[in-house]
Structures are given as C-alpha cells and as structure tokens.
Amino acid sequence: MKKEEVPQDKSFFKEEHGKELCYAVDEDGNYTTALSSGWEAKTIALDNALKEIGERIADARQRVLENKISPIVYYMEVCKMEPAVLASYMGMWQWRVKRHFKPAVFKRLREKTLQKYAEVFEITIEQLKDIEH
C-alpha cells in the first residue's frame, strides 16, 4: 500500500499502545516505514483475542478456587503461555509440568520447584500459592 493510504482507524494501538510500525511504498516506489493507528479488521481480531484471553484467565482462576487445578495453570494463562513453553522455561519435560497442574501434586512440590515457577511467572512463592492476594 502507498504511504498515504496507511490506515489510521481508531484501534487498540491508538488507545493503549501508541502506533504500529508498517511498511509502505513512498512516492518514488521505494519501501519505507509508516505509523498506523490500525484498521478495523485488525482491531476486531485483537479485541476478540484479548476477550478470549480474559475469559481463559477468569476460568482458570475459578477452577483454582474450586480446587480443580493448581495455581500454575492460572499464572500460565496470565503470562499467555502454553504448557510446552512453560516446560521449556522450567527445564522440565512437559508431562511433569502438566502433572503439576493437579492440586494434590502441586501441594507436595518442593520449595525449590515452587521458587523456579515463581521466578518464571515473576511473582513470589506466596502469590503462587494464593491467587487471591
């Protein structure tokens, strides 16, 4: 698209995060950069994604409070991680991390393992153990 055609619709970027850097073609036909505040299709997609993330976090929180899953799942959602990514950060096999999703297993974790999870999530061990902080 031409530099003067870069969309400037009201969007996620304009309201909360400034502008997004895009590539466009200038008057001479050369690629250049331009700032865009977004366009409708992208805004809709981002809004839907953020809404889904919020719902997943709320669902995980409720399931932790009901003692159906461990707080690890909640913080994994808050940090927008998948089990494979968390396992990589933890330096563990994915099956071990998934096993820690069980409340009974989580309660028996050693302090060293809890500390590692806390570091990955950038929280304290107390916050990891109690999501109602």
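Q: Which residues of α7 are buried?
A: Bearing in mind that this is a predicted model, the buried residues of α7 are T113, L114, Y117, A118, V120 and F121. They sit on the same side of α7, because the arc they cover around the axis is only 160°.

Q: And what does the face turned away from that buried side carry?
A: That face of α7 carries the exposed residues K112 and E119.

Q: What comes just after α7?
A: Just after α7 there is E122, which takes a positive phi of about 60°.

Q: Switching topic, where does S70 lie?
A: S70 lies in the loop that runs between α2 (40-65) and α3.

Q: Is S70 buried or exposed there?
A: S70 is buried, because its relative accessible area is 1%, and buried here means under 20%.

Q: What is S70 in contact with, leaving aside its neighbours within four places in sequence?
A: With those neighbours left aside, S70 is in contact with V64, H100, F101, K102, P103 and F106.

Q: Now pockets: what volume does the largest pocket have?
A: The largest pocket has a volume of about 200 Å³. Its lining includes M92, W95, R96 and R99, and also H100, R108, K112 and T113.

Q: Which helices each supply at least two residues of that lining?
A: Those are α5 (94-99) and α7 (111-121), each of which supplies at least two residues of the lining of the largest pocket. K112, which is on the exposed face of α7, and T113, which is among the buried residues of α7, are both part of the lining.

Q: How many residues of each class are in the lining?
A: The lining of the largest pocket has 6 charged, 4 nonpolar and 2 polar residues.

Q: Zooming out, how many helices and strands does the protein have?
A: The secondary structure comes to 8 helices and 2 strands, and along the sequence they follow the pattern α-β-β-α-α-α-α-α-α-α.

Q: And how much of the protein is buried?
A: Of the 133 residues in the protein, 36% are buried. The protein exposes about 9000 Å², and carbon and sulfur atoms supply 50% of that area.

Q: Last one: what share of the contacts joins residues at least 24 apart?
A: Among contacts between residues at least 6 apart in sequence, 47% join residues at least 24 apart.

Terms used. Residues numbered from 1 in each chain as written. Predicted model: local features only at pLDDT ≥ 70, side-chain atom pairs only at ≥ 80, totals over all residues. Heavy atoms only, no water. Helix = DSSP H or I, 4+ residues; strand = E, 2+ residues; numbered from the N terminus. Buried < 20%, exposed > 50% of the residue type's maximum accessible area, 1.4 Å probe, protein only. Contact = heavy atoms within 4.5 Å. Areas by Shrake-Rupley, 256 points an atom, 1.4 Å probe, with all protein chains shown as cover. 1 Å grid on protein atoms, 1.4 Å probe; cavity = no way out; pocket = protein on both sides within 12 Å on 5 of 7 lines; lining within 4 Å. Points joined across faces, edges and corners; volume = space filled by probe spheres on them. Nonpolar A, V, L, I, M, F, W, Y, C, P; charged D, E, K, R; others polar. Arc of directions from axis to C-beta.
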